[in-house]
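Look over the model below before reading on.

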Amino acid sequence: MPTIDDDAWPMVEEAILRLFAGLPAGEHLRLGQRLVEMGWEEIESEYPIESVELLFRAQGRHLAQTDCLDRVMLAELRPAIHGAADSVLLPLPDTVVPDRQQVTGIVLGPLHGRVAVPVLGPHGAITLAVIDAQHLRGVALDTFDPTTRWTRVWGPRPITASVDATPEWNRAIAAAHRALATELTAVTEQALQIAVEHVAVRTQFGTAIGAFQSPRHLLADAWADLAAAQALTTNAWRYGGLLSAQVAKAAAGRAHRVAADAAMQVCGAIGLTAEHPLHRCVTRGVQLDALCGSYSQLETQLAEQLFATDDAQAALPAVIACG
């Protein structure tokens with residue numbers, strides 16, 4: 001994660017973590033007024049990267065649901081849209097590009113206000129329209145994580161201006177990938193901490209099961225995957241770029257899958273019960289991974305991008321920036 005040599009920053013972190021810790025569970029909340037009261041605009045101007053990273057780290061740690069992803073994406077889309085928007089229509093989990101024939105996708109939280117809608121045009125170009133929610137239809141999705149509030153949205157294809165907004169849309173998706181990677185790694189870290197605490201106190205044959213090689217190796221491998229995903233996410237925040245953001249999101253999704261499998265195995269049957277906290281991290285992580293391309297979808301795209309050239313001598317594109 002980004003680091004700051006500033007005496008004021010720990011107070012900002014503490015305030016945000018306290019804010020997210022106090023949010024009610026199972027509700028999708030708009031944080032605008034709360035952030036205004038904290039002087040968030042000034043904090044964002046002082047710490048433009050670190051402040052956004054902090055929001056999603058706090059959101060993942062506390063399994064909260066807010067409009068932070070919409071805020072981040074709309075900041076990138078604003079130059080290409082006319083008027084204010086409250087949310088962004090995201091691709092359905094089984095797709096990664098807008099529908100060509102109609103408006104279709106998901107909105108985080110309830111359908112309300114004005115929605116920024118990407119429209120796929122000729123030759124893969126994307127234009128943007130802002131549509132009042134009353135002109136769209138929406139139904140609450142039955143999600144894998146029952147506490148997640150998403151709305152399935154559909155409606156007629158809007159008439160849009162011919163201005164190509166593909167660069168802005170790509171930057172918005174990259175911003176979403178960075179944010180979701182941060183949230184996913186925070187959720188994954190919570191799951192592994194739960195598993196480590198469990199194996200430290202659960203005994204078998206008079207010995208804590210954390211002393212046995214099998215659970216130790218499982219959890220060590222999962223921590224290694226998580227550390228790699230965190231490093232890639234830090235790189236994506238620090239240097240930006242579409243490819244690094246995509247890699248970070250894919251790595252974070254895979255790390256969550258590995259960690260979830262390991263944590264459920266070492267926690268045993270109790271980890272699958274509603275009373276145990278592990279299932280919340282598992283289901284929320286799976287839900288987040290589905291947004292803007294799952295790790296399996298993104299890995300497929302990355303492979304196609306990396307090996308698209310017919311020139312066997314061509315250098316692969318850089319993913320990690322050193323220095």
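How many cavities of 30 Å³ or more does a search of the whole structure find? The search finds two. This is a predicted model, in which local features need pLDDT of at least 70, side-chain atom pairs count only at pLDDT 80 or more, and totals for chains, interfaces and linings use all residues. Residues are numbered from 1 along each chain as its sequence is written, and side-chain values use heavy atoms, with hydrogens and water left out.

Rolling a probe the size of a water molecule over the atoms shows where empty space is left. On a 1 Å grid over the protein atoms alone, a cavity is a set of points where a 1.4 Å probe fits but cannot get out. A pocket is an open set with protein on both sides within 12 Å along at least five of seven lines. Lining residues have an atom within 4 Å of a point. Grid points are joined across faces, edges and corners, and a volume is the space filled by probe spheres set on the points.

The largest cavity holds about 160 Å³ of space. Its lining has 15 residues, with Gln 59, Leu 108, Trp 150, Glu 183 and Leu 288 nearest the centre. Strand E2 (65–66), helix H6 (166–201) and helix H9 (278–289) each give two or more residues to this lining. Helices (H or I, at least four residues) and strands (E, at least two) are DSSP runs, numbered from the N terminus. H9 gives the most, with three residues. The lining of the largest cavity splits into seven nonpolar, six polar and two charged residues. Here Ala, Val, Leu, Ile, Met, Phe, Trp, Tyr, Cys and Pro count as nonpolar, Asp, Glu, Lys and Arg as charged, and the others, Gly among them, as polar.

Now the open space. The largest pocket has a volume of about 670 Å³. It is lined by 26 residues, and Glu 44, Arg 71, Val 72, Leu 74 and Ala 75 are the closest to its centre. Helix H4 (50–61), helix H5 (68–77), H6 and helix H7 (213–239) each supply at least two residues of the lining. H5 has the largest share, seven residues. By class, the pocket lining has 14 nonpolar, three polar and nine charged residues.

Next, a helix pair. Two packed helices are described by the angle between their axes and the distance between the axes. Helix H1 (residues 9–21) packs on H4 at about 35 degrees, with the axes 9 Å apart. Axes are lines fitted to C-alpha atoms, for helices over the stretch in contact, and angles run from 0 to 180 degrees between N-to-C directions. The crossing of H1 and H4 is right-handed (the near helix is turned clockwise from the far one by less than a right angle).

Then the sheets. Two strands pair if DSSP finds at least two bridges between them. Six bridges join E4 to strand E8 (residues 150–155), and Thr 104 has Trp 154 of E8 as its bridge partner. E7 and E8 pair over four bridges. Arg 137 also stands opposite Trp 154 in E8.

Another open sheet of three strands runs E3-E5-E6, with mixed pairing. Strand E3 (87–88) and strand E6 (126–132) each have a single partner strand, so one side of each is left without a neighbour in the sheet. Strand E5 (residues 114–120) and E6 run antiparallel, joined by seven bridges. Arg 114 stands opposite Asp 132 in E6.
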